[in-house]
Amino acid sequence: MAENGGQAIATNKKAFHDYFIEERYEAGLVLSGSEVKSLRMGKANLQDAYARVMNDEVFLLGAHISPYAAASYFNHDATRTRKLLLHRKEIQRLIGKTTQKGLTLVPLRLYWKDGRAKVELGLARGKRQYDKRETARKREAEREISKVFKASRRRHDA
């Protein structure tokens with residue numbers, strides 16, 4: 001299971017808007033040298049990315065890591081399919097879960113941990129339009145409550 005920590009490179013805010021995240025996994029990435037350099041510069045985007053299990057291996061598709069300018073002809077394709085590194089038991093569990101109706105693997109964030117690039121995967125269930133509206137309503141209500149609470153604390157402190 002994924003744990004919070006590490007220096008963030010990119011986050012996928014759209015995933016939290018479009019999906020209910022049920023479980024989280026931490027996976028390593030198989031990268032080329034120019035990809036690592038580009039990630040160190042923070043040039044990554046997970047907006048349209050997703051993960052898929054193929055032949056008992058997990059791959060990250062659609063993630064955009066910008067080409068590294070100084071790499072000349074050794075550069076990489078920006079949206080190439082990248083292999084993810086997970087334990088065998090985790091992969092077997094994901095195979096079982098993703099065959100269930102409506103569950104998909106979505107990358108939530110890309111980050112550094114002990115000098116290695118990691119991706120946090122979320123086992124996600126898609127939100128319907130009314131779920132998205134409900135989430136927005138709850139967030140707005142929490143914002144209003146915190147605003148009122150803050151204002152009342154200011155009056156008491158003064």
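Biologist: What makes a set of residues the largest nonpolar core here, and which have the most contacts inside it?

Modeller: That core has 26 residues, and L39, V58, L84, L86, L110 and L121 have the most contacts inside it. Strand 1 (7-11), strand 2, strand 5 (57-61), helix 3 (88-98), strand 8 and strand 9 each give two or more residues to the core. A nonpolar core is a set of buried Ala, Val, Leu, Ile, Met, Phe, Trp, Tyr and Cys residues joined through side-chain atoms within 4.5 Å. Helices (H or I, at least four residues) and strands (E, at least two) are DSSP runs, numbered from the N terminus.

This is a predicted model: local features need pLDDT of at least 70, side-chain atom pairs count only at pLDDT 80 or more, and totals for chains, interfaces and linings use all residues. Residues are numbered from 1 along each chain as its sequence is written, and side-chain values use heavy atoms, with hydrogens and water left out.

Biologist: What is L121 in contact with?

Modeller: Contact means heavy atoms within 4.5 Å. Neighbours within four places in sequence are left aside; the partners of L121 then include V58, L84 and L86, along with E23, R24 and Y25.

Biologist: Why is strand 9 called largely enclosed?

Modeller: Eight of its eleven residues (116-126) are buried, so the rest of the structure largely encloses strand 9. Buried means under 20% relative accessible area, exposed over 50%, partly exposed in between (1.4 Å probe, protein chains only).

Biologist: How do you know that strand 9 pairs with strand 2 and strand 8?

Modeller: Two strands pair if DSSP finds at least two bridges between them. Strand 2 (residues 19-29) and strand 9 have nine, in the antiparallel sense. Strand 8 (residues 103-113) and strand 9 have ten, also antiparallel. R24 stands opposite G122, and L103 has R125 as its bridge partner. In the hairpin of strand 8 and strand 9, two residues lie between the strands, and D114 takes a positive phi near 55 degrees.

Biologist: What makes R24 and E120 a salt bridge?

Modeller: The rule asks for a side-chain nitrogen of Lys or Arg within 4 Å of a carboxyl oxygen of Asp or Glu. Their closest N and O atoms are 3.2 Å apart, so the pair passes that rule. R24 in strand 2 and E120 in strand 9 are 96 residues apart. By this rule the structure has 13 salt bridges.

Biologist: Why is R40 said to sit over the ring of W112?

Modeller: NZ of Lys or CZ of Arg must be within 6 Å of the ring centre and within 35 degrees of the ring normal. The charged end of R40 is 3.9 Å from the centre. R109 lies over the face of Y111, at 4.0 Å.
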